[in-house]
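Hi,

Here is the structure I said I would pass on to you.

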Amino acid sequence: MTTPTIEPPRGGEPWLLTPGPLSTSYSVKAAMLRDLGSWDSDFRAMTARLRASLVAMLGPGGEDFTCVPMQGSGSFVVEAMLGTLVPRGAKALVLANGAYGHRAAAAMRQMGRAVEMLDKGDYLPPRGDEVAALLVRDPAISHVVAIHCETSSGILNPLSEIAEAVAAAGRRLLVDSMSAFGAVPLPEGLPFDALVSSANKCIEGVPGFGFALVRRAVLEAAQGNSHSLALDLHAQWAEFERSGQWRYTPPTHTVAAFLQALDEHAAEGGVAARGARYGTNRDTLVAGMRGLGFETLLADRWLSPIITTFFCPADPAFAFSEFYDRMKVRGFILYPGKLTVVDSFRMGHIGRFDAGVMRAAVAAVAEVLGEMGVASAAPPETALAEKRRAEREMT
Ligand SMILES: *Cc1c(COP(=O)(O)O)cnc(C)c1O
């Protein structure tokens, strides 16, 4: 295991404290300085290595799974997974506590598939006992869709208890692990049929494709399910198995960058080491921001190593757009918040940087607050009341 060398981005780019696209290493970017033919054996070998490496990342039990990369952003592979694995006429329960749960449900509706939603609002986690009760009440539900880390708030959802409830009821689990895969280990023996993630999240590649890891027997039985020509995971998989090629133009440069990113992921020490670095990033950032008077939306046990939501200060001198612009001048790109009840912003801690960069970000925040004349970073009472209410419900 080696700690990666963190060099500042060349060309004066800012650090992206955003959950993908994210800051990548120079060597990942440099891997794209090469044109590749999609049909050529070199590229077919690259695709084969990519698929095998991702399956290997599942660890024990992974031999029952196959990897299907899909062109597009992460949402394309979410839609492909749902459209291919939930048969027409079947019904899925989507567990939502943020934008990505809502997006999965919207995709189901757009495809004309029956969907039920457990909507927990901005961030409260869907719990195993709630899922169990819903599945008893509605025997028509055959599939459950869960979001691993809901990037809208940064909450790490309780995947183990959800999976247990789904398996106990004899239903099938599909996981959007977009922002977690590669850094948050899957609980060992987790019963699930498929998960999806993309190139520009915890593997630290550049955008251009997503991938599904699917139980092979489930995928083999999914022929003809898809409503879509291009977003058909079964047809895409069949082509990989038949010819080693992507159907339709592959994102060749993105694949080249991703293979370099996979090598760097392995050199760092794999999922455990990547997750440990992100965890240290989070701990450093959160301690620093709390030291300045900021409050996190979530209590510590629900914080993910991916991204953290902070309440905006109540001080009338604070305005997020000015805060954003001044942080950008200092070399840090932030992310607006997604809470509907109170004002918030987010800081991501995934990407090619370490705790030193997090300390520099906190120092920049302190300077910017001074420049803006923000005397206190404390949130308004409404935010604190919301947080207390959540803590009572989230035990
Ligand atoms: C990033 C992300 C997606 C995909 O978003 P795209 O913008 O389509 O790449 C889906 N789910 C989660 C949880 C994510 O973090």
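**The chain as a whole**

The protein chain has 13 helices and 14 strands. Its radius of gyration is 21 Å, close to the 21 Å that the globule rule gives for 395 residues, so the chain is as compact as a globular protein of that length. Keep in mind that this is a predicted model. If you follow the C-alpha trace along its principal axes, it spans about 65 × 55 × 35 Å. As for how much is tucked away, 57% of the 395 residues count as buried. I also looked at contacts between residues at least 6 apart in sequence, and 73% of those join residues at least 24 apart.

**Two helix pairs**

Two packed helices are described by the angle between their axes and the distance between the axes. I have two pairs for you.

Start with helix 2 (residues 41-56) and helix 9, which pack at an angle of about 45 degrees with their axes 10 Å apart. Angles under 35 degrees would count as roughly parallel and 65 to 115 as roughly perpendicular, so helix 2 is oblique to helix 9. The crossing of these two helices is left-handed. On the helix 2 side, the contact is made by Phe 43, Met 46, Arg 49, Leu 50, Ser 53 and Leu 54. Helix 9 brings Thr 252, Val 255, Ala 256, Phe 258, Leu 259, Leu 262 and Asp 263. Sorted by type, the residues of this contact are nine nonpolar, two polar and two charged.

Is Val 255 buried or exposed? Its relative accessibility is 0%, so Val 255 counts as buried. Leaving aside neighbours within four places in sequence, Val 255 is in contact with Phe 43, Met 46, Leu 50, Phe 209 and Trp 246.

Now for the second pair. Helix 3 (residues 74-85) and helix 4 (residues 99-110) pack at an angle of about 50 degrees, and their axes are 10 Å apart. That angle makes helix 3 oblique to helix 4. Here the crossing is right-handed. Helix 3 makes the contact with Ser 75, Val 78, Glu 79 and Leu 82, while helix 4 uses Arg 103, Ala 104, Ala 107 and Met 108. These residues divide into five nonpolar, one polar and two charged.

Most residues other than glycine have a negative phi, and most peptide bonds are trans.

- The peptide bond from Gly 20 to Pro 21 is cis, with omega near 0 degrees. Pro 21 is in the loop between strand 1 (15-16) and helix 1 (26-30).
- Glu 204 is not a glycine, yet its phi is positive, near 70 degrees. You will find Glu 204 in the loop between strand 9 (194-198) and strand 10 (209-215). With a relative accessible area of 3%, Glu 204 is buried.
- Tyr 248 also has a positive phi, about 70 degrees, although it is not a glycine. Tyr 248 lies in the loop between helix 8 (233-243) and helix 9 (252-268). At 47% relative accessibility, Tyr 248 counts as partly exposed.

Which helix holds Glu 386? Glu 386 is in helix 13 (residues 381-393). Anything under 20% relative accessible area is called buried, so at 11% relative accessibility Glu 386 counts as buried. Leaving out neighbours within four places in sequence, Glu 386 is in contact with Tyr 123 and Val 341.

The other one is Glu 239, which is found in helix 8. Its relative accessibility is 18%, and Glu 239 counts as buried too. What does Glu 239 touch, not counting residues up to four places away in sequence? The list is Gly 244, Gln 245, Trp 246 and Arg 247. Gly 20 is 219 residues from Glu 239 along the chain, and their C-alpha atoms are separated by 29 Å.

Cheers

Terms used
Residues numbered from 1 in each chain as written. Predicted model: local features only at pLDDT ≥ 70, side-chain atom pairs only at ≥ 80, totals over all residues. Heavy atoms only, no water. Axes fitted to C-alpha atoms, helices over the stretch in contact; angles between N-to-C directions. Helix = DSSP H or I, 4+ residues; strand = E, 2+ residues; numbered from the N terminus. Parallel < 35°, antiparallel > 145°, perpendicular 65-115°, else oblique. Left-handed = near helix turned anticlockwise from the far one by under 90°. Contact = heavy atoms within 4.5 Å. Nonpolar A, V, L, I, M, F, W, Y, C, P; charged D, E, K, R; others polar. Rg over C-alpha atoms; globule rule 2.2 N^0.38 Å. Buried < 20%, exposed > 50% of the residue type's maximum accessible area, 1.4 Å probe, protein only.
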